[in-house]
Protein chains: 2
Amino acid sequence: MKVIDAPLRQAGAVIAQSCADCPVRSEALFGVLGSGTVERAGEGVESVRLLPGQRVYAQGFIGGSLFTVREGIVRFERVTEAGDRRIVRLAGRGGLIGQEALLHQGYADEAVACTEVQVCRIPKAVVERLAVREPTLHRELMRRWQSSLEAAEEWTAELTSGTTRRRVLQLVARLAELAGPSDCIWLPPRHEMGVMLDMAFETASRVIGQLRRERILETYFPAGARVDRALLAQALHRENNRM
Amino acid sequence: MKVIDAPLRQAGAVIAQSCADCPVRSEALFGVLGSGTVERAGEGVESVRLLPGQRVYAQGFIGGSLFTVREGIVRFERVTEAGDRRIVRLAGRGGLIGQEALLHQGYADEAVACTEVQVCRIPKAVVERLAVREPTLHRELMRRWQSSLEAAEEWTAELTSGTTRRRVLQLVARLAELAGPSDCIWLPPRHEMGVMLDMAFETASRVIGQLRRERILETYFPAGARVDRALLAQALHRENNRM
DNA sequence: CGAGCCGTTGAGGGGATTCAAGCTCAGTGG
DNA sequence: CCACTGAGCTTGAATCCCCTCAACGGCTCG
């Protein structure tokens with residue numbers, strides 16, 4: 001409790017707001033429930049704001065809560081046997097994270113805010129209570145688990161193989177998706193990029209520099225960029241078809 | 001338990017056997033059910049034998065069945081945007097695969113037998129029917145989903161980073177776990193190793209050759225090896241602490 | 001017996017890492 | 001106000017790990 005709440009409380013204000021008119025409700029876990037049910041469900045749920053770098057939860061902690069991402073990007077990281085950090089996937093708006101809390105298990109990995117993030121903290125008990133009456137919730141939970149699984153597998157397939165250029169392009173493409181329709185995306189510090197893509201941060205910097213020279217990216221301080229989606233798609237396509 | 005499957009039929013003999021006295025029952029999905037329930041559950045389930053290289057199911061296929069692995073090793077592979085195969089995780093004895101069938105979705109990736117494999121084909125309807133009466137089954141399904149997720153993330157963390165030597169050692173260690181207590185393990189053809197670890201097959205061959213010279217492995221034809229677990233653990237430990 | 005597949009090994013080249021230096025920018029304190 | 005510091009980004013040069021290309025041997029099978 002302390003481990004989770006302590007960093008969160010100082011992080012930002014808890015916004016009292018009804019789940020029923022949540023802007024991400026349709027994309028979120030409770031999107032499958034009726035309005036009345038959501039109203040009851042909302043009791044016990046709290047909205048939390050996190051700054052970049054702050055943890056949503058710690059690996060191994062038996063937390064009792066799962067979270068819906070309302071805004072921002074969250075990364076999942078673990079420490080390898082070799083002792084270095086490795087990022088295994090990302091979650092964005094509408095994503096459900098920390099589901100394993102429902103199983104009385106410790107969290108499988110560390111969840112950390114990449115950007116400024118807003119999450120809804122949903123105590124395990126709330127879900128358990130609802131699930132008895134609402135069979136659709138079970139199905140929705142399974143669906144969420146499956147999409148987490150697919151996200152993890154896709155990360156392996158697309159972001160861990162090929163040249164450094166290909167991997168960086170893939171990452172940027174994914175970040176552009178997470179950013180929604182806007183062309184302004186969050187671009188990680190080079191060191192984080194290295195941890196995500198398993199390359200030296202200097203290499204990440206070189207590739208980004210190259211993309212900038214090709215007008216695919218225009219980087220801003222401290223961690224943003226504007227992407228030319230057409231050029232990006234084109235570069236990715238070229239990269240994928242030669243080799 | 002019944003006896004047939006169209007695409008799988010040619011693969012091998014179907015063994016008529018009761019689910020209640022299945023040797024892997026305690027590790028399998030229905031391990032959480034009582035004996036009487038298992039007996040009823042078994043109707044509609046069929047056991048299938050597959051040879052190395054044969055598919056359990058195809059990516060995208062809307063199958064209507066999930067599977068429990070009774071024996072052998074199954075790999076999950078997908079085709080990347082760049083057009084090459086990539087293996088994203090393995091499943092062994094007791095593992096549940098193809099769960100996404102429960103969600104009316106196509107299978108997320110291709111499941112292929114690595115070794116000779118025995119699986120139990122469980123029609124979606126069987127699980128759905130049981131789940132109504134048996135709330136523990138829901139929990140067990142979620143638990144399975146979570147372990148698939150963790151297997152995928154661990155694959156990313158441990159098998160896609162570091163030197164080729166470290167990756168091969170990690171793979172061998174995992175194969176040794178899947179092999180159970182025996183020191184004789186399945187060792188993939190070098191080309192498969194390359195697809196698993198994202199390296200050229202010649203490189204895989206070189207590393208295996210090195211391990212053989214270090215007496216960590218003794219390879220057999222066509223796809224087996226005897227491992228010295230002590231030396232393997234030692235080599236891994238050394239590898240993980242320098243760098 | 002030749003064809004084909006798989007595994008091994010060598011030589012050479014290239015892409016990524018490593019080691020370094022120089023840069024900008026924020027924050028700090030004289 | 002400005003020197004100082006440290007963190008993050010960039011770029012260069014040298015090294016090395018791994019890939020590519022190639023040749024060869026063992027085995028299976030038609």
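1. Start with L29(A). Leaving out residues up to four places away in sequence, L29(A) touches L66(A), T68(A), L96(A), V127(A), L137(A), E140(A), L141(A) and R144(A). Contact here means heavy atoms within 4.5 Å.

2. A word on the source. This is a predicted model, in which local features need pLDDT of at least 70 and side-chain atom pairs count only at pLDDT 80 or more, while totals for chains, interfaces and linings use all residues. Residues are numbered from 1 along each chain as its sequence is written, chains are lettered from A and ligands numbered from 1 in the order in which they are written, and side-chain values use heavy atoms, with hydrogens and water left out.

3. Now the core around that leucine. The largest nonpolar core has 46 residues. Those touching the most other members are L29(A), F30(A), V127(A), L29(B), F30(B) and V127(B). Such a core is a set of buried Ala, Val, Leu, Ile, Met, Phe, Trp, Tyr and Cys residues joined through side-chain atoms within 4.5 Å. Buried means under 20% relative accessible area, exposed means over 50%, and partly exposed lies in between (1.4 Å probe, protein chains only).

4. Which elements give two or more residues to this core? In chain A they are helix 2 (35-41), strand 8 (117-123), helix 3 (124-133) and helix 4 (135-159). In chain B they are helix 2 (35-41), strand 8 (117-123), helix 3 (124-133) and helix 4 (135-159). Helices (H or I, at least four residues) and strands (E, at least two) are DSSP runs, numbered from the N terminus.

5. Look next at strand 3 (residues 65-71) of chain A. Six of its seven residues are buried, so this strand is largely enclosed by the rest of the structure. Strand 3 of chain A runs antiparallel to strand 8 of chain A, over six bridges. Within that pair, V69(A) stands opposite V119(A). Strand 3 of chain A also pairs with strand 6 (residues 96-97) of chain A, antiparallel, over two bridges. There F67(A) stands opposite I97(A). Two strands pair if DSSP finds at least two bridges between them.

6. Chain B has an open sheet of four strands. The order is 1-8-3-6, and the pairing is antiparallel. Strand 1 (46-50) and strand 6 (96-97) of chain B stand at the edges; each has a single partner strand, so one side of each is left without a neighbour in the sheet. Two bridges join strand 3 (residues 65-71) of chain B to strand 6 of chain B. T68(B) faces L96(B) across this pair, standing opposite that residue of strand 6. Helix 3 of chain B packs on the sheet and touches strand 3 and strand 8 of chain B. The direction of helix 3 makes about 60° with that of strand 8 of chain B. Axes are lines fitted to C-alpha atoms, for helices over the stretch in contact, and angles run from 0 to 180 degrees between N-to-C directions.

7. An open sheet of three strands lies in chain A. Its order is 9-11-10, with antiparallel pairing. The edge strands are strand 9 (184-186) and strand 10 (217-220) of chain A, each pairing on one side only. The twist averages 30° from one strand to the next. Three bridges join strand 9 to strand 11 (residues 224-227) of chain A. I185(A) stands opposite A225(A).

8. T160(A) links the two chains. This residue sits in the loop between helix 4 and helix 5 (164-178) of chain A. T160(A) counts as buried, at 6% relative accessibility. The residues touched by T160(A) include R86(B), T156(B), T160(B) and D198(B). The side chain of T160(A) makes a polar contact with the side chain of R86(B) (2.9 Å). A polar contact is a pair of N or O atoms within 3.5 Å; within protein, one must be able to donate a hydrogen and the other to accept it, and residues adjacent in sequence count only if both atoms are side-chain atoms. A polar atom of the T160(A) side chain also lies 2.5 Å from the backbone oxygen of T156(A).

9. Is E153(B) buried or exposed? E153(B), in helix 4 of chain B, is buried, with a relative accessible area of 1%. The side chain of E153(B) makes a polar contact with that of R78(A) (3.2 Å). Among the residues touched by E153(B) are V88(A), R89(A), D109(A) and A152(A).

10. Last, the cysteines. The structure holds zero disulfides over all chains. A disulfide is a pair of cysteine sulfur atoms within 2.5 Å. For C114(A), the nearest cysteine sulfur is that of C184(A), 18 Å away. C114(A) is buried, at 6% relative accessibility. In chain B, the sulfur of C114(B) is 18 Å from the closest cysteine sulfur, in C184(B), which is too far for a bond.
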